[in-house]
Amino acid sequence: MSNTFATFEFTDEQHSHALPILKGTLGPSAIDVRNMYSNQDIMTYDPGFRSTASCQSGITYIDGEKGVLLYRGYPIEELAERYSFTQIAHLLTSGELPDSQQLAVFEKELRRYNLLHDQVLSFYKGFRRDAHPMAVMVGVVGALSAFYQDAQDYNSPDDQHRAAIRLIAKMPAIAAASYTYSIGRPIRHPDNSLNFASNFLQMMFGRPSEPYHVDPLLAKAMDQILTLHADHEQNASTSTVRMAASSGANPFACIAAGIATLWGPAHGGANEAVLNMLENIGAPENIPAAIARAKDKKDPFRLMGFGHRVYRNYDPRSALIRETTKQVLAHLGMENDPLMATALELERIALSDEYFISKKLYPNVDFYSGILLRAMGFPSRMFTAVFAVARTVGWVSHWLELKQEAHGIDRPRQLYTGPTLRHVDKR
Ligand code: ACO
């Protein structure tokens, strides 16, 4: 409990009220306003949640000023370098990195639950072939709510655990099938001799009729992409998952809500938008015109992949992805990729431009990830689907954390600005 307080003076009412200040283990403290409305008949107003801690959480910490990202206390750079995505998934969902025995059990569970129910596959045929993969994923993941009647006591730790494993395990197959369906290729099932990232690649790119060799460097890059996108505290999609879950909704429906939110271009859809932007810019000599448009307040154009609500410094994930992108391009003989040349030059020019410096706008995780995914063979419409595969670990971790709490349903209030009381004409 808190022993420091903030005092608000409501000068027109001639009284003041002390509010407790809650301290976390890192980062800014928070004024506890939970009883403010009942005690003072006044609410806080924070559209966009710029100054609001919506919950307590022990999963991920971001210091946006310093460009620091920690998963359960560990710096993202150390994790991305030394640990696999399944180890990270264990860390995020359970709180600790697994020892070898815990990892073996965890990976065995993920392999056991990675198949799609045959009836789930029939849902795909209901979608148009040209549907966006995220539209398909929202539908298919939501539809999973109608399965698993045997394990739907989501207040029981066993059923919570099984739902978490099912969601993480099935998501690569769901994403890959949304792609293979769109090109008319029969799906490839998971191959349990492969690790998580390699399995995703073989389901995406392999033909069911012949063996598929997974390139180890691309598998390593995929693993890193999944790790770097696994969680990012209370972003829009995670907050959506938590809010849906606060009503006690089915976890598959909650994750479908997260996928819907992630799809937007201001969130996970940005890497697709970055690639479109780089293609439109075309060549480094056209960059100054793009920078001028981004700075023009009358022009809705923004430099996609730049800026972040929390980071006012270089996004540490972007630095890691930039280096992996260089490695993968070199490995594939694409050192002279024109999109990469344009991106590097765009970054250089923007970071020396007064507009971007003063507003602390740096490349975010999406700036290079599209170039990397494209080089690996992913069509741009699949970029956000890859993000969803990774972020499912974070969504599930937050869902599990929320299930341990007892604060009830999330129900914000509003500052009403509509008509005052009026009556309909009785004539
Ligand atoms: N290009 C040009 N100007 C920008 C950009 C940009 N990419 N981003 C922010 N600005 C400007 C704004 O116009 C604003 O200027 P002003 O103060 O003169 O009005 C100022 O910088 C602050 O921007 P806000 O919109 O208030 O910042 P906010 O925190 O709301 O937005 C966001 C963050 C949505 C990420 C924004 O920077 C943006 O639209 N970036 C491009 C989209 C993108 O890359 N999204 C991915 C985010 S990462 C993720 O979700 C995984």
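Tutor: Helices α14 and α15 are roughly antiparallel to each other, a class that takes angles over 145 degrees, while angles under 35 count as roughly parallel, 65 to 115 as roughly perpendicular and the rest as oblique. Helix α14 covers residues 316–331 and helix α15 residues 338–351; they pack at an angle of about 155°, and their axes are 12 Å apart. The axes are lines fitted to C-alpha atoms, for helices over the stretch in contact, and angles run from 0 to 180 degrees between N-to-C directions. Helices (H or I, at least four residues) and strands (E, at least two) are DSSP runs, numbered from the N terminus. This is a predicted model, in which local features need pLDDT of at least 70 and side-chain atom pairs count only at pLDDT 80 or more, whereas totals for chains, interfaces and linings use all residues. Residues are numbered from 1 along each chain as its sequence is written, and side-chain values use heavy atoms, with hydrogens and water left out.

The crossing of α14 and α15 is left-handed, meaning that the near helix is turned anticlockwise from the far one by less than a right angle; clockwise would be right-handed. On the α14 side, Arg-322, Thr-325, Lys-326 and Leu-329 make the contact (heavy atoms within 4.5 Å). Their counterparts in α15 are Met-340, Leu-344 and Glu-347. By class, the residues of this contact are three nonpolar, one polar and three charged. Here Ala, Val, Leu, Ile, Met, Phe, Trp, Tyr, Cys and Pro count as nonpolar, Asp, Glu, Lys and Arg as charged, and the others, Gly among them, as polar.

Helix α15 also packs with α12 (residues 270–281), at an angle of about 95° and with the axes 10 Å apart. Helices α12 and α15 are therefore roughly perpendicular to each other. From α12, Leu-275, Met-277, Leu-278, Glu-279 and Ile-281 meet Leu-339, Thr-342, Ala-343 and Leu-346 in α15. The residues of this contact divide into seven nonpolar, one polar and one charged.

Another helix pair is α8 (residues 196–205) with α9 (residues 216–228), whose axes come within 8 Å and cross at roughly 110°. That angle makes α8 roughly perpendicular to α9. Phe-196, Ala-197, Ser-198, Phe-200 and Leu-201 in α8 meet Leu-218, Ala-219, Met-222, Asp-223 and Leu-226 in α9. Eight residues of this contact are nonpolar, one is polar and one is charged.

As for strands, an open sheet of three has the order β4-β5-β6 with antiparallel pairing, where two strands pair if DSSP finds at least two bridges between them. Strands β4 and β6 stand at the edges with a single partner strand each, so one side of each is left without a neighbour in the sheet. Strand β4 (residues 60–63) pairs with β5 (residues 68–71) over four bridges, and Tyr-61 stands opposite Leu-70 in β5. Their hairpin has four residues between the strands, and Gly-67 takes a positive phi near 75°. Strand β5 pairs with β6 (residues 74–75) over two bridges. This second hairpin has two residues between the strands, and Arg-72 in the turn has a positive phi of about 50°.

The protein has 18 helices and six strands. Its radius of gyration is 23 Å, close to the 22 Å that the globule rule gives for 427 residues, so the protein is as compact as a globular protein of that length. The radius is taken over C-alpha atoms, and the rule is 2.2 Å times the number of residues to the power 0.38.
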